[in-house]
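Here is a short report on one chain.

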Amino acid sequence: MAIPLLEYKPSSQNQRVPGYEVPNEDTPRIYRIEDAAYDSELKELIWAAYRQVFSEHVILKFFRQGNLESQLKNRAISVRDFIRGLAKSEAFKSLVIKSNSNYRLVELALKRLLGRAPYNKDEEIAWSIKIATLGWDGFVDALLDSEEYQSNFGENIVPYQRRRYKDRPFNLVTPRYGNYWRDKLEDERYKPGAVKNFLELAKSLEIKTVTMTPVSTANIQIPDTTRNDTPQGIPLSVSPSANFPVR
């Protein structure tokens, strides 16, 4: 028997109240499959989906999902299924899931898939239990099949950050791994050359004595470079005041 989602009280974030701000550069651009009439527009939609789910400014070629892209271009799947496939891909799991705790995965998933930050710690705990019981794939299905996702993005809209009124966008403040994972990588990277291990490193070095081999000059034959013939031709002026050779 699956554990039901724990109850939590939503807070009044920007996306839950009507907005009256004038559209500006912070207004999100909405990508719909219906608006992608040309191949270039469809490529922009696909790139927007990668940028939203992976939150990377550069997607390497071997991280791209060619099978999903082909199905979306042929209209065999919806944008929601494309987002679902990206979130469940091995590339996403290797980049994001393996380097984060369940609590931070909830934060990243809500920001990237639902376009909003977690309401509070209670919501993070409730969804982290879903990850523990259903696994990551079941958690993704629960978010994409939710009423909140359907009412805001439907089948053919790429998720986006809803109503960013202030602060920096999500993709700039929530990198794919947190500080603790970054510190772990740095510690492993610089461990052999750390200052605390310098004495042990110096003791482990093997000092080799350089021996000099004497060389006798008696066996070295220096070639004779003297010139026996007399130079022929008209001598040139070697006066430093002359601009051109005087013939």
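**Basis**

This is a predicted model, in which local features need pLDDT of at least 70, side-chain atom pairs count only at pLDDT 80 or more, and totals for chains, interfaces and linings use all residues. Residues are numbered from 1 along each chain as its sequence is written, and side-chain values use heavy atoms, with hydrogens and water left out.

**Overall fold**

The chain has 10 helices and 0 strands. Helices (H or I, at least four residues) and strands (E, at least two) are DSSP runs, numbered from the N terminus. Along the sequence the pattern reads α-α-α-α-α-α-α-α-α-α. Of the 247 residues in the chain, 33% are buried. Buried means under 20% relative accessible area, exposed means over 50%, and partly exposed lies in between (1.4 Å probe, protein chains only). Among contacts in the chain with a separation of 6 or more, 71% are between residues 24 or more positions apart. A contact means heavy atoms within 4.5 Å.

**Helix 3**

Helix 3 spans residues 79-88. It is largely enclosed by the rest of the structure, because 8 of its 10 residues are buried. These are Val79, Arg80, Phe82, Ile83, Arg84, Gly85, Leu86 and Ala87. Their cover includes helix 1 (39-54), helix 2 (66-73) and helix 4 (90-95). It also includes helix 5 (102-113), helix 6 (121-144) and helix 7 (147-152).

**Helix 3 against helix 6**

How do helix 3 and helix 6 lie relative to each other, roughly parallel or roughly antiparallel? Their axes come within 10 Å and cross at roughly 155 degrees. Axes are lines fitted to C-alpha atoms, for helices over the stretch in contact, and angles run from 0 to 180 degrees between N-to-C directions. The two helices are therefore roughly antiparallel. For such angles, under 35 degrees counts as roughly parallel, over 145 as roughly antiparallel, 65 to 115 as roughly perpendicular and the rest as oblique. The crossing of helix 3 and helix 6 is right-handed. A crossing is right-handed if the near helix is turned clockwise from the far one by less than a right angle, and left-handed if anticlockwise.

On the helix 3 side, the contact is made by Arg80, Ile83, Arg84, Ala87 and Lys88. Helix 6 supplies Trp136, Asp137, Val140, Asp141 and Leu144. By class, the contact has 5 nonpolar, no polar and 5 charged residues. Ala, Val, Leu, Ile, Met, Phe, Trp, Tyr, Cys and Pro count as nonpolar, Asp, Glu, Lys and Arg as charged, and the others, Gly among them, as polar. An α-helix has 3.6 residues a turn, so residues three or four places apart point the same way.

**Salt bridges**

A salt bridge is a side-chain nitrogen of Lys or Arg within 4 Å of a carboxyl oxygen of Asp or Glu. By this rule the count is 16. Three of these pairs are listed here.

| Asp35 | Arg32 | 4.0 Å |

Asp35 is partly exposed at 46% relative accessible area.

Glu155 is partly exposed at 32%. Arg80 is buried at 11%.

Asp145 is partly exposed at 45%. Arg84 is buried at 14%. Salt bridges that share partners join Arg80, Asp81, Arg84, Lys88, Asp141, Asp145 and Glu155 into one network.

Which residues does Arg84 touch, not counting those up to four places away in sequence? They are Val140, Asp141, Leu144 and Asp145.

**Ile131**

Ile131 lies in helix 6. It is buried, with a relative accessible area of 9%. Beyond four places in sequence, Ile131 touches Asn102, Leu105, Val106, Trp136 and Phe139. Ile131 and Asn102 are 29 residues apart in sequence and 7.0 Å apart in space, C-alpha to C-alpha.
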